[in-house]
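Reader: I'm new to reading protein structures. Could you take me through one, feature by feature?

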Amino acid sequence: MFISKLKLINFRNYNKLDIILHDKLNIFIGNNAQGKTNILESLYVTGFGKSFRTNKDKELIKMNKDMAYIKAEGKKRYGEISIELRLWNNRNKEIKTNGISLTKLSELLGSINIVIFSPEDLKLIKGGPSERRRFIDREISHVNKKYYYNIMSYNKVLLQRNNLLKNIAYNKKLLKTIDIWNEKLVEYGTEVIFKRIEFIKKLNMLSRLMNRRITEGKENLEIKYLSNIKIDKKYKTQDIYESFKQMLEKKIDNDIKRGFTTVGPHKDDLGIYIDNKDIRIFGSQGQQRTAALSLKLSEIEIIKGEIGEYPILLLDDVMSELDINRQKFLIKSLKNVQTFITITELPELMIPLDKEGSIFKISNGSIVQNNDI
Ligand SMILES: Nc1ncnc2c1ncn2[C@@H]1O[C@H](COP(=O)(O)OP(=O)(O)O)[C@@H](O)[C@H]1O
Ligand SMILES: [Mg+2]
């Protein structure tokens, strides 16, 4: 898929923007704080209905304005697509796909598939487990609406169970009602765990391959789903269900004491290893970057596998973080992927881009120059 046109009104520091995008490569170049990331952010919003930088739509609206408007038009395997969003200061956003209003944000997911790679992604490796869980959840939700529903439902039930646990501390009689919540938690939780294991298996195979290619066969990357619930290699849903249920029952006293649910997929993590060493602790910065790059490129392939076409890729400020070999590998891998790159100066690209494209020079919320590469 690709996006061919982008229109913005009162989005971040743009009054008005109307651009034709190249179907292969688009480079946004400009000094800091000129509006490069804002453009990628607006594209991201058309894919996910919200930003990767903030949960507050208000921040996306140009200062002192009531509404921000974004429209992206593009092509998918099955035809044309247009997405329009209106973000308001004091009411809910409106979203339309191909002119038809959506009632729920979840209906938007999958209309435009987007993968983003930014320095933040290094957090995926170095940050805490919650970063990695968010990564897994986002990636699976992206191509699987049922998963999105299951994880949302799980989180809702979790919240209710946690509230109940806090109340039980004051009123022991309430303990009788916990079974209903346990059952629901285990039901959704089992689906979540199963799907995550499946996804990580795929991601592991692909990223291992990518990583071997980037390092010319020198390193073996391995990623594993680390669950606090005992799950054997076959990971049958029935077994996950039983195991999770038993754990919940076993930990009930502890849960009441702590006032929250201490076991379940909301406590799981992703282990990332090179040659059997945990790279979060032992990996060099180079290894961590290579691993992050391998994961991202695998993500693109997984989406391709699931939906039958490549997503679009946003590369925000990552070129300067990658050395010449990694840049080469990245660009070579993206032949069929519409790519959006932000850079502050051209020398950040250390390689000739044998890909056609457009370069947009950005200054203070407008495009001041537009050339072919
Ligand atoms: N809601 C907003 N209204 C007006 N300007 C904004 C808003 N949000 C951010 N900006 C401005 O956008 C600029 C940052 O844009 P960004 O795309 O992140 O820069 P960069 O080119 O470094 O990627 C800053 O000048 C900031 O003041
Ligand atoms: Mg930026």
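Reader: What do the buried residues of helix H10 pack against?

Author: Let's start with the words. Helices (H or I, at least four residues) and strands (E, at least two) are DSSP runs, numbered from the N terminus. Buried means under 20% relative accessible area, exposed over 50%, and partly exposed in between, with a 1.4 Å probe and protein chains only. Contact means heavy atoms within 4.5 Å. Here, the buried residues of H10 pack against helix H5 (178-214), helix H9 (285-307), strand S12 (312-316) and strand S13 (339-343).

Reader: And which residues of H10 are buried?

Author: H10 covers residues 324-333, and its buried residues are Arg326, Gln327, Phe329, Leu330 and Ile331. A word on the ground rules: this is a predicted model, where local features need pLDDT of at least 70, side-chain atom pairs count only at pLDDT 80 or more, and totals for chains, interfaces and linings use all residues. Residues are numbered from 1 along each chain as its sequence is written, chains are lettered from A and ligands numbered from 1 in the order in which they are written, and side-chain values use heavy atoms, with hydrogens and water left out.

Reader: Now strands. How many bridges join S1 to S4?

Author: The general idea is that strands of a sheet pair through backbone hydrogen bonds, either parallel or antiparallel. Two strands count as paired if DSSP finds at least two bridges between them. Strand S1 (residues 2-11) and strand S4 (residues 67-76) run antiparallel and are joined by seven bridges. Look for Ile9, which stands opposite Tyr69 in S4.

Reader: What do S1 and S2 form?

Author: A hairpin, with two residues between the strands; Arg12 in the turn has a positive phi of about 45°. S1 and strand S2 (residues 14-20) pair in the antiparallel sense over six bridges. In this pair, Lys7 stands opposite Asp18 in S2.

Reader: Is Thr261 buried or exposed?

Author: Thr261 counts as buried because its relative accessibility is 1%. You'll find Thr261 in the loop between helix H7 (252-258) and strand S10 (269-274). For its partners, take a polar contact as a pair of N or O atoms within 3.5 Å; within protein, one must be able to donate a hydrogen and the other to accept it, and residues adjacent in sequence count only if both atoms are side-chain atoms. The side chain of Thr261 makes such contacts with the side chains of Arg161 (3.0 Å) and Asn162 (2.7 Å).

Reader: Last one: how many residues surround ligand 1?

Author: A residue is near a molecule if one of its heavy atoms lies within 4 Å of it. Ligand 1 has 15 residues around it, the closest being Ala33, Lys36, Thr37, Asn38 and Ile61. An oxygen atom of ligand 1 is 2.9 Å from an N or O atom in the side chain of Lys36, and a nitrogen atom of ligand 1 is 2.9 Å from a polar backbone atom of Glu59.
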